[in-house]
Every structure is written in structure tokens, then in C-alpha cells.
Amino acid sequence: MTLWQVCEAFVPIAIGIIVDVAIVPLDGRAMLLSLLGIAALFTVLSLGYRFGARLANTALHEEAHALRVEVAEVPLASGAVASRSNAGEILSLSSADADVTAQVFRQIAGGGSAIIGLVAVSVYLLVTDVMVGLVVLVGVPLSLLLVALASRSISRHSTAQQEAIGLASRRAGDILAGLRVLSAGGGERWASAHYREASQRAGRAGVVTAERSGRLEAIGALGTALVLALVLVVAGQRVLSGDLAIGTLISVVGVAVFFQEPVRTITDMIGAFARSHGAARRIADFLTAVPAEATGDEVPDTAGLRITGLALATSPEHDAGAPAERDGQVPWDAGLRRGDASARSPRLNLEVPPGRFLGLVVDDPAQAETILRAVDGLGDQAATVLIGGHPRSRLVPRLADHLVVAPHRVDLFAGTVRSNITLHHQTPDRSRPAAYRPQITRPAQITADGRDPGRVDIDPAVLAASGVAEIIGHFADGLEHRVDEGGRNLSGGQRQRLALARALHADPEMLVLHEPTSAVDAVTEFQIAQDVKSLRSGSATAGAAPRTTVVVTSSPAFLAVADSVVQVHRDGTTTTGTHHSLLETSDAYQTAVAR
């Protein structure tokens, strides 16, 4: 790009030289050589721009892709971020902000080469005529300084614009995720107004940014025009005084006209850099805000689970109905209701031996979420959980073979029934560090006959235990039945069965399920519970070792087949027994199950 810019600057200089050495003296041989030189100059000029622009655009697109991957890796590699991320915000950062940030390569190529071109031309003018050269060397930097000062507001307004776009993206993602609910409840008008407000805010921010950019271009154009006019006036006076030859005058005038292009390029690049800086700041803020997660390289020795001193918060409705202080007696959760959660929160102690099938009934839904998050390694209480004798916070990041925590919320992906169970959409790039190795690098290859050579087979016992065998019996293409994004073409019960099959297919040493069949009818749920117990105990597969299974549920079907049941009360205390014994002896347990 520098070669192209310098050659562009040399064109008017070459024309002035040709006038002096060939046209004025009428030298035919010099004219022929001059034409050959001009042809060579334009050849180098053209090739320089062609390959320079190609390299700049290649760098731009590769960096934009790298930024998209870097932003997307954060929620993939960080459980804490994944639990609080908004899909619209991530989409905005990894698309618009990444693209705008990567424009810095075009700014380096275009703006950097323009600066070098200006320096080369200024040196020529200074050597040719000191007076003209000084006008350029003083006028151009002053013009660019004014542009740089004006560009500071663009960066600020561009950041605000990108934030407004991110807000609109978040709202669009939220609305699309709940589109069916909005349609069923007649909330389309509210959703439309809600998104329109965010969209118009982004539009107004864009207008402000464009207005500031227009001012910047005007300042740059005015500064260039003033410098050009001053150069022409000084050069004309030098010719009239006999200090400049006619050919040199042509060169000076041509170079002065050429000045407009690099100065305009630099002006545009300063404004573009301000916008790139604003987008880069948003990405940098997102990346630096990622909490450091304590992870290690330890691997569980057994499939046992122990929870020691896990602080359990209570739901607001429970707090509102808590007894007031009487006669100086302070209830245990008074500190929590005052905000002193760390001092007053109930503490949970629980142990699950390897190979057990445990039903866990938690009276407070908020406490159930706390337990699941800690076992999953999320939040700051992971250290209270021991998996196979090792603190959860020190285990290797990739634990699918040892531990799977299947949440109540079902996430399905565009693909097939098979791909949503096996998660074998793509194969991993094992050259990257394990902690940051998302499974999104190389798509599976499909042969001409439609067969996927990398297809993973699914154990029929898994399909039967999860109830998916019944589902695919109604599909003509069976496991290859298409699944829309988010599983929109499936019912809630079908989505839950696919999620359960996915967890069972992973076959971890320890599996934690949270209300896996709440959307399934009672008859099917009872059969699924029995089959899951059979599969996880090893009796469904010859030679399979018993696995540890914890089902957080109030479903009588799962509790009835559990080896034991633990009820976690709101005060952190526990009651252990079987489903039938607890039904006979505990009114609180009956109430929890009934609820």
C-alpha cells in the first residue's frame, strides 16, 4: 500500500520532469523513454494497490473472525458467564463490534500508507523549494491536528451507538425466545413497542455518530483546501520571480492537488479509527469483566458426592412470610432478610456414596438452584462441593465423562434428533488448550449417499430409558428427523425426553438431573423413571458398572425408584429415608411432593 501511495505521489512529479526534459526541448528519444517510464510507474502503482488491498482485507476478515471466536469462547469456556450471558449481547459483540474493530487493519493500510505518501511528497517539495515545502509541512499537520481533536467525540458517540445496538439485539433475542408466549397472550403490540423504543434509540445514536463524522470530514476538506490554495499562491509567486521552472511548477501544482487524496484518506481513517476504538472498548470491557474461575487439573477418583457447608439462600416469598422477632428471639433467617446472607444463611451438608440412585427433594426452589449451581461449578461456592474426593473448583474444566449436570431448562439446537442427543455436530480442534476448545471447528463430512461417516450410534437402552424410542417411532426418518432451532417443532415433553437422552448418552460416572420429566404425562414418566434407574444401575447394559445418579425432583415416579430420598428443608436440615417411609412419617415431605 505504501508503494502504491508513493507511486501515486510520483505521477505529477514525473509529469513535471517529462515537461522539462522532453517536451520543452522537443527531445523525441527522451519522450519515448518517458512514456516507458510512465507505463512502468503505473504498472507498479496498480500491482501495489492490488496486492496491498488484498493483504489488508485478508487481515481484516481473519481478525474479525478471530475476535468473533474469542468473544464466543467466553460463555463456552466459562460457566459463570454462560449462566448470566444474554444471547443478543453476545451476538452484537461478536458480529457488529468485531467487524468494526477489525477495520483497524484497513485504517493501518490506508492511513499508514497515506501518511508515508505525504512525508515523501513533503520531502520532495522541501527539496524543490523550501518556501513551498514549509507551507506544506506546517499546514498539513495543523489540518490533521484539528481533525484528530474533532475525532475524540466520534469515539464516544460510536461507543454509545454500539451499546444501543447491543440493547436492541438483547431485546430482539428476548422477544424471539418468547415469541410463542407473546403470541398466545396477545403481547405482540407490547413487544413491538418495547423493541421499537430500543431500535429508535440505536437509530438516534447512529444519526449523532454520522453527524459528528460529517463534521470531521468537513474540517478535513476545509483544511486541505486552505493548504492547497496557499501552496498554489506561493508556487505562483516563485514562478513569477523566476525561482521555479515551468515543469517544476506543473509538478508542484500536481503534487498540491494530489495532497487532497491522502489528507482525505487520513481524515476518513481517523474517524473510522474512533469508531473502531469504541467497538474495541466494548469487546475489551466484556473480556476483562469475565470472572476468574478457579479450575485445575484434578480428576475425580470415584463417583461420590459430598457437600459441606453450602450456604442456602431462601426465596423472597418465604422471607416475606417468615416469623417476626419476638421477645428478643431472632429467627435464623432474619439476617438474610436484612441482607446479612453470609452470616445467617442455612448451611447444607450432604453425602451421596458412589453408585447410589438418590432422590433429592428441596423445599425451596431457590435453594435447589443453589445446589445445582455449586455442583456444576458455578458461582463462588463450588469449593464446598467434593466430587470423588476432589473440590469441584479444582477439577479439570472438561468433565463430561465424570460429571454431567442436566438443568431443568432444555436447550436444543438446529440439526437432527441424533445430533441433539450425541452433540456430534462437529469435531474438536485438539491443537488448542482444553479449557478453551469449543466444539465448533470442523463440520462433519457427509458422503454422496447421505451417510455421515463420523455419525455416533446411540445405545437403544438410552433411547428406551429416555422415552425417545417412542418419539422417533412416529417420525418417518427416525433419529434423522429434523429439529428446528430451539426445538420449536417439538412439544415440551419431547424436548425434555431428548435432553434426558443426551444426558444418559454421555454416560457420566455421576449424573445430576433437575426435574427431567415435568412436562411428560404420568404414565410415561413412571416408565421413564424405572428405565433410567435400570440403565444407571447397570442392569440394562451387560457388564456396565453402577453409576451415581442424583435426581432433584418432587416427582413420585422418580422418588419411588430411588435407593434413598433426602429432603432438604428450608433451614438446611435434611431428612433421609425412602419415598414410602417419608410419605408415612413426614407431613412436610408429603406437602413438598404434593406441591
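Me: Which residue does Leu 358 stand opposite in S12?
Reply: In this predicted model, Leu 358 stands opposite Val 550 of S12.

Me: Thanks! What other strand do bridges join to S12?
Reply: That would be S11, which runs parallel to S12 and is joined to it by 5 bridges. One of the partnered residues is Leu 511, whose bridge partner in S12 is Thr 549.

Me: How many residues of S12 are buried?
Reply: The count is 5 of its 5 residues, so S12 is mostly covered, with buried meaning under 20% relative accessible area. Thr 548, Val 550 and Val 552 point one way from the strand, while Thr 549 and Val 551 point the other way. Residues on both sides are buried.

Me: OK, zooming out. What is the strand order in the open sheet of 6 strands?
Reply: The order is S6-S11-S12-S3-S13-S14, and the pairing is mixed. S6 and S14 are the edge strands, each pairing on one side only. From one strand to the next, the twist averages 15°.

Me: Which helices pack on that sheet?
Reply: H18 is one of them: it touches S6 and S11, and its direction makes about 170° with that of S11. Helix H22 (residues 587–594) packs on the sheet too, touching S3 and S13, and its direction makes about 90° with that of S13.

Me: And how many residues lie between S13 and S14 in their hairpin?
Reply: There are 5 residues between them, and Gly 572 in the turn has a positive phi of about 90°. The strands themselves, S13 (residues 564–568) and S14 (residues 574–577), run antiparallel and are joined by 4 bridges. Among the paired residues, Val 568 has Thr 574 as its bridge partner in S14.

Me: Speaking of positive phi, which residues other than glycine have a positive value?
Reply: Two to look at are Asp 507, with phi near 50°, and Glu 515, with phi near 40°. For background, most residues other than glycine have a negative phi. Asp 507 sits in the loop between helix H18 (492–506) and strand S11 (510–514), while Glu 515 is in the loop between S11 and helix H19 (522–537).

Me: Is Asp 507 buried, exposed or partly exposed?
Reply: Asp 507 counts as partly exposed, because its relative accessibility is 38%.

Me: What about His 402, buried or exposed?
Reply: His 402 counts as buried, because its relative accessibility is 18%. You'll find His 402 in the loop between S5 and strand S6 (403–406). Leaving aside neighbours within four places in sequence, His 402 is in contact with Val 299, Pro 300, Pro 508, Glu 509 and Met 510.

Me: New topic: cavities. How many of 30 Å³ or more are there?
Reply: The count comes to 1 cavity. The largest cavity has a volume of about 50 Å³.

Me: Which residues line the largest cavity?
Reply: The lining is Leu 305, Ile 307, Leu 350, Leu 360, Ile 371, Leu 372, Val 375, Val 512, Val 550 and Val 552. S1, H14 and strand S12 (548–552) each give two or more residues to it. H14 gives the most, with 3 residues.

Me: Where does H14 pack, then?
Reply: First, the sheet in question: an open one of 4 strands, in the order S2-S1-S4-S5, with antiparallel pairing. Strand S2 (347–352) and strand S5 (390–391) stand at the edges with a single partner strand each, so one side of each has no neighbour in the sheet. Helix H14 (residues 365–375) packs on this sheet and touches S1, S2 and S4, its direction making about 125° with that of S1.

Me: Last one! How many residues are in the largest nonpolar core?
Reply: The largest nonpolar core has 42 residues, and those with the most contacts inside it are Val 417, Val 468, Leu 498, Leu 504 and Val 532. H18 supplies the largest share of this core, 5 residues. Apart from it lies another core, of 28 residues, including Val 352, Val 385, Leu 399 and Val 552.

Conventions
Residues are numbered from 1 along each chain as its sequence is written. This is a predicted model: local features need pLDDT of at least 70, side-chain atom pairs count only at pLDDT 80 or more; totals for chains, interfaces and linings use all residues. Side-chain values use heavy atoms; hydrogens and water are left out. Buried means under 20% relative accessible area, exposed over 50%, partly exposed in between (1.4 Å probe, protein chains only). A nonpolar core is a set of buried Ala, Val, Leu, Ile, Met, Phe, Trp, Tyr and Cys residues joined through side-chain atoms within 4.5 Å. Two strands pair if DSSP finds at least two bridges between them. Contact means heavy atoms within 4.5 Å. Axes are lines fitted to C-alpha atoms, for helices over the stretch in contact, and angles run from 0 to 180 degrees between N-to-C directions. On a 1 Å grid over the protein atoms alone, a cavity is a set of points where a 1.4 Å probe fits but cannot get out, and a pocket is an open set with protein on both sides within 12 Å along at least five of seven lines; lining residues have an atom within 4 Å of a point. Grid points are joined across faces, edges and corners, and a volume is the space filled by probe spheres set on the points.
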